[in-house]
Amino acid sequence: MYLNNAKLSLSPKWLYIIVPTLFFAFAGLNFLVSLLFDTSSLIKAEIASKGELMYLTENLLIFAVFLAVLLLWVKYVHRQPLTALITARPKIDWRRFWFAFALWGVVTVGVTLIDYAIHPEAYVWNFQWMPFLKLLVIVVLMMPLQTGFEEVFFRAYLMQGVGLTVRNAWLPLVFTSVTFGLMHLANPEVEKLGYMLLIYYIGTGFFLGITTLMDDGIELALGFHTANNLFTALLVTSDWTVFQVPSLLCDVSEPTLGLTLWVPLLICFPLMLYIYAKKYHWKDIKKHLITLDKNKKELLH
């Protein structure tokens with residue numbers, strides 16, 4: 001099983017504490033800044049000074065550095081094969097990544113087009129050739145690094161590390177899902193819509209965590225997460241979201257939670273899990289999500 005791959009690490013267990021402690025301290029500092037200052041105003045000031053695309057690039061570069069440091073830490077400190085960090089399969093299955101990417105990409109584009117057709121007054125056409133092409137290059141090259149860090153950190157490194165300590169599956173799932181949601185506390189969307197939005201972020205964490213544990217790897221979760229952030233950045237922007245970029249459309253409506261919160265959690269995510277389960281023949285939910293297979297002593301690599 002996927003969580004058992006943490007046993008391939010040749011380092012002491014306590015080393016798993018260092019990277020999460022540093023990252024959560026960084027996230028906590030961001031949250032503290034959001035409490036003390038008007039985050040939306042700070043972002044607008046930065047964008048006015050640097051430009052939308054430079055601000056986006058700088059933010060994505062931070063995650064690229066985080067990802068590089070984490071992979072080097074796993075390879076040279078834990079001395080764990082990087083493939084074992086990503087999947088329980090002999091090699092990374094990129095077909096899974098592209099399936100999830102394409103599936104959620106189609107859903108995202110379709111939902112956006114339907115909403116635009118039903119509520120055209122809520123959007124302003126924002127397309128400009130050169131800014132959009134620059135945005136396209138930036139998100140294609142750098143967005144996978146941002147989502148890659150979040151998935152490798154939460155659904156791989158942190159989930160395997162917690163699983164190595166507690167020897168069950170449900171606690172790593174709960175812990176990584178909740179911390180993933182709380183990581184978004186400093187987002188301007190939370191400041192605008194309120195803390196109820198954390199239900200969506202934590203729910204998304206559970207969806208990605210269940211996907212990872214049932215599929216024995218993060219390929220599907222990584223494909224979904226990359227498609228979500230990439231297509232969101234390309235399709236729709238607004239003056240109150242974390243992605244304020246030259247997208248195709250600008251949402252000028254007054255934001256509310258409503259369907260935005262509950263449709264993904266109650267309809268889209270369960271449907272995605274059903275499709276994955278059918279396509280990849282998922283079995284034994286209890287072993288994967290709750291107890292682990294206590295009788296399986298051998299590793300998968």
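This is a predicted model: local features need pLDDT of at least 70, side-chain atom pairs count only at pLDDT 80 or more; totals for chains, interfaces and linings use all residues.

Biologist: Let's start with helix α3. What span does α3 reach, and what span is expected?

Modeller: Helix α3 covers residues 52–78, and its 27 residues reach 38 Å from the first C-alpha to the last. Just after α3, Arg-79 takes a positive phi of about 55°.

Biologist: Which residues of α3 are buried, and what covers them?

Modeller: Among the buried residues are Leu-53, Leu-60, Phe-63, Leu-67 and His-78. Their cover includes α1, α2, α4 and α6.

Biologist: Now the rings. Why is the pair of Phe-66 and Phe-149 called tilted?

Modeller: The count comes to 34 aromatic pairs, and in this one the centres are 5.4 Å apart with 50° between the planes. Phe-66 lies in helix α3 and Phe-149 in helix α6, so the pair ties together parts that are 83 residues apart in sequence.

Biologist: What makes Phe-207 and Phe-224 an edge-to-face pair?

Modeller: Their centres are 4.9 Å apart and their planes stand at 70°, which is over 60 degrees, so the pair is edge-to-face. Phe-207 is in helix α9 and Phe-224 in helix α10, 17 residues apart. Both residues are buried.

Biologist: Why is the charge of Arg-155 said to sit over a ring?

Modeller: The charged end of Arg-155 is 4.3 Å from the centre of the Phe-180 ring, so it meets the distance limit of 6 Å, and the rule also asks for a place within 35 degrees of the ring normal. Phe-180 also belongs to an aromatic cluster that includes Phe-66 and Phe-149.

Biologist: What makes β1 and β2 the edge strands?

Modeller: The open sheet has three strands in the order β1-β3-β2, with mixed pairing. Strands β1 and β2 each pair on one side only. β1 and β3 pair in the antiparallel sense over three bridges, and Tyr-123 has Asp-251 as its bridge partner in β3.

Biologist: Last topic: why does Lys-50 with Glu-46 count as a salt bridge?

Modeller: Their closest N and O atoms are 2.8 Å apart, which is within the 4 Å limit, so the pair counts. The two residues are four apart in helix α2, separated by about one helical turn. Lys-50 also forms a salt bridge with Glu-58, at 2.7 Å.

Biologist: How do you know that Glu-254 and Lys-192 qualify too?

Modeller: Their N to O distance is 3.9 Å, still within 4 Å, so this is a salt bridge. Glu-254 lies in the loop between β3 and α11, and Lys-192 in helix α8, 62 residues apart. Glu-254 is exposed because its 61% is over 50%, while Lys-192 at 41% counts as partly exposed.

Terms used. Residues are numbered from 1 along each chain as its sequence is written. Side-chain values use heavy atoms; hydrogens and water are left out. The expected span of a helix is 1.5 Å times one less than its number of residues. Buried means under 20% relative accessible area, exposed over 50%, partly exposed in between (1.4 Å probe, protein chains only). Contact means heavy atoms within 4.5 Å. Rings of Phe, Tyr and Trp (its six-membered ring) pair if their centres lie within 6.5 Å; planes under 30 degrees apart count as stacked, over 60 as edge-to-face and the rest as tilted. Two strands pair if DSSP finds at least two bridges between them. A salt bridge is a side-chain nitrogen of Lys or Arg within 4 Å of a carboxyl oxygen of Asp or Glu.
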